[in-house]
Amino acid sequence: MKAAIIGGTGYGSIELVRLINKHPYLKIGSVVSNSQAGESFSEIYPHITDIIDQPLEIFDTESLCNKNDVVFLATPSGISKNLVPQLFEKGIMCIDLSGDFRLRSGKEYERWYKHSPSHEIFLHQATYGLSEIYSEEIKNSTLIANPGCYSTASLLGLLPIIKTNIVDLDSIIIDAKSGVSGAGRGLSITSHFAEINENLKAYKLGAHQHIPEIEQVLQDEAGSPITITFTPHLVPMTRGIMCTVYISLKEDVTTNEIHQLYSEFYKNKPFIRVRPEGTLPATKEVLGSNYCDIGLHVDPRTNRLTIISVIDNLVKGAAGQAIQNVNLMNGWDERTGLEDVPMYP
Ligand SMILES: NC(=O)C1=CN([C@@H]2O[C@H](COP(=O)(O)OP(=O)(O)OC[C@H]3O[C@@H](n4cnc5c(N)ncnc54)[C@H](OP(=O)(O)O)[C@@H]3O)[C@@H](O)[C@H]2O)C=CC1
Ligand SMILES: CC(=O)N[C@@H](CCC(=O)OP(=O)(O)O)C(=O)O
């Protein structure tokens, strides 16, 4: 099966290339670039020399759909909402890595992303691609809204406990940290070496675009309105996300009981590793892999549960989960092409 990538020179794209290159059923058909069409991909990214030597292409719906079976849109928000309708009409599978189709409400999209929304038909056609939770819906979909990176780590950490009645749903606080590749390849003052090296910054307090995405899924799963406190931070590392989630318990439960609940919830989910009681995951332990590792701790003094959830933002947080979704859409084993051991140290 041939795959096209749009947003060719970005970090999401180059991670898709790495993963597709070793996937047994996928081959790279086209890599589309808005800014560098006609140029050699391996001249822009010399690490793929002699591996992928093809020119970057201009966007052309007709030729893209003739040559490919699936398209990954790895463009900034506000772009894919204009491209998906033309691609969808041709019957090609679309996986959007941006936020354009994640929120069901166009009004909410406009409020948080500051762009006009996609047509409602497409917002309703899109399936939210959190692979572990919505695998059945994903199998029957041809348009996937791949989740945001912070949303993936936060939701995988929270969903098992949200479905019980032992937590105070008004008490959720997510303290999130991301490596700089989460901001993409574009140059900016915030990701400038001298600004981020040996520094730690919080940003977008109460205004981050993943807040409505996380709340939408939590509400769907809990069946009642939920508002969260979410604080993202930029940390001086290249890859990795850690979400430290705090939630108050309404009953006396032990770490051991919570651990059993999570282990049961994720027992058939190969990419979720619930860490043994007493151990906590670190970002380096999932580096380059599609794993989400989860550590759990109940503090009996405060009766609060702390959940530590880590992913590689470019793999489980973007390209890896996108491929996991294509595997599901095609009836392949969801692990296909994604069984890398994390890179350590
Ligand atoms: N980085 C991450 O960890 C994650 C990213 N995402 C999302 O995935 C998407 C891609 O992210 P990422 O690869 O990191 O971002 P980058 O900024 O690295 O790459 C995006 C690419 O899109 C293309 N592009 C930029 N502006 C336009 C435009 N106006 N019109 C058309 N194409 C444009 C450019 O490639 P070219 O000029 O070659 O076309 C650019 O390199 C984003 O929506 C991001 O929010 C989601 C989860 C995690
Ligand atoms: C470190 C960093 O800047 N991260 C990005 C997350 C990128 C992402 O997933 O955002 P989308 O919702 O647009 O897909 C941010 O906080 O905006």
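Which residue carries the UniProt feature "active site"? The unreviewed entry places that feature at Cys-149. UniProt positions follow the numbering used here, feature names are shortened, and annotations may be inferred rather than shown by experiment.

Ground rules, quickly. Residues are numbered from 1 along each chain as its sequence is written, while chains are lettered from A and ligands numbered from 1 in the order in which they are written. This is a predicted model, where local features need pLDDT of at least 70, side-chain atom pairs count only at pLDDT 80 or more, and totals for chains, interfaces and linings use all residues.

Confidence next. pLDDT is the predictor's confidence in each residue, from 0 to 100. The protein chain averages 97, and 100% of the residues score at least 70. For the complex, the predictor gives an ipTM of 0.98 and a pTM of 0.98.

Now the layout. The domain assignment gives domain 1 (2-125) and domain 2 (150-313); such bounds come from an automatic or database domain assignment. Their C-alpha centres lie 27 Å apart. The contact takes 10 residues from domain 1 and seven from domain 2. Contact here means that two C-beta atoms, placed from the backbone, lie within 7 Å. On the domain 1 side, helix H5 (residues 106-113) gives the most, with three residues. Helices (H or I, at least four residues) and strands (E, at least two) are DSSP runs, numbered from the N terminus. That side of domain 1 divides into four nonpolar, three polar and three charged residues. For the classes, Ala, Val, Leu, Ile, Met, Phe, Trp, Tyr, Cys and Pro count as nonpolar, Asp, Glu, Lys and Arg as charged, and the others, Gly among them, as polar.

UniProt also lists residues 2-141 as "domain: Semialdehyde dehydrogenase NAD-binding", again from an unreviewed entry. The end C-alpha atoms of that span lie 18 Å apart. The span is 36% helix and 15% strand.

On to ligand 1. How many residues are around ligand 1? There are 29, and Gly-10, Gly-12, Ser-33, Ser-98 and Gly-184 come nearest. A residue counts as near a molecule or strand if its C-beta atom, placed from the backbone, lies within 6 Å of it. Helix H1 (11-21) and helix H12 (315-329) are the elements that give two or more residues to this shell. H1 has the largest share, three residues. By class, the shell holds eight nonpolar, 20 polar and one charged. Both domains give residues to the shell around ligand 1, so ligand 1 lies between them.

Cys-149 sits in helix H8 (residues 149-162). Is Cys-149 buried or exposed? Cys-149 counts as buried because 29 C-beta neighbours lie inside 10 Å. The cut-offs: buried is 20 or more other C-beta atoms within 10 Å of a residue's own, exposed is 12 or fewer, and partly exposed is in between, with C-beta atoms placed from the backbone. Leaving aside neighbours within four places in sequence, Cys-149 is in contact with Ser-178, Gly-182, Ile-241, Asn-313, Gly-317 and Ala-318.
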